[in-house]
Amino acid sequence: MKLGLIGVGNIGMHFANRLVAAGHEVWVHDRSPAALDRVVTQGARAAGSNQAPASQVEVLLLSLPTPGVVNVPPHNHPEPEALADT
């Protein structure tokens with residue numbers, strides 16, 4: 001299954017690594033290059049922006065520090081089949 005994960009810091013990196021280990025194609029984004037590199041070296045795929053994973057996946061997961069950092073995508077932006085905020 002194609003999955004997206006935005007936010008791969010202290011909590012999100014564990015989600016990403018376990019999903020990759022389970023055989024899923026996981027597209028990730030984080031504003032921290034170091035956090036992104038940690039999961040890409042484990043097999044996740046880096047998305048080019050925080051909106052890019054939504055157009056490439058069936059399910060999009062958010063692992064963010066606060067709800068205030070979420071921006072609603074434009075109405076014409078492709079949406080995944082499911083969205084889960086951890």
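A: A salt bridge here is a side-chain nitrogen of Lys or Arg within 4 Å of a carboxyl oxygen of Asp or Glu. The model is predicted. It holds one salt bridge. The side chains that meet are those of Glu25 and Arg45, at 3.4 Å from N to O. That value is within the 4 Å cut-off, so the pair counts. Side chains of opposite charge can pair when their charged atoms come close.

The two partners sit in distant parts of the chain, 20 residues apart. Glu25 belongs to strand S2, residues 25-29. Arg45 belongs to strand S3, residues 45-46.

Glu25 has a relative accessibility of 24%, so Glu25 counts as partly exposed. Arg45 is partly exposed too, with a relative accessible area of 41%. Buried would need under 20%.

Next, the setting of S2. Strand S2 pairs with S1 in the parallel sense, over five bridges. The chain gets from S1 to S2 through helix H1, residues 12-21. This β-α-β crossover is right-handed. Within the pairing, Ile6 has His29 in S2 as its bridge partner.

S1 itself spans residues 2-6 and is mostly covered. Four of its five residues are buried. S1 also runs parallel to strand S4, residues 59-62, and four bridges join them. There, Leu5 stands opposite Leu61 in S4.

Terms used: Residues are numbered from 1 along each chain as its sequence is written. This is a predicted model: local features need pLDDT of at least 70, side-chain atom pairs count only at pLDDT 80 or more; totals for chains, interfaces and linings use all residues. Side-chain values use heavy atoms; hydrogens and water are left out. Helices (H or I, at least four residues) and strands (E, at least two) are DSSP runs, numbered from the N terminus. Buried means under 20% relative accessible area, exposed over 50%, partly exposed in between (1.4 Å probe, protein chains only). Two strands pair if DSSP finds at least two bridges between them. A crossover is right-handed if, with the strands pointing away from the viewer, the path from the first strand over the helix to the second runs clockwise.
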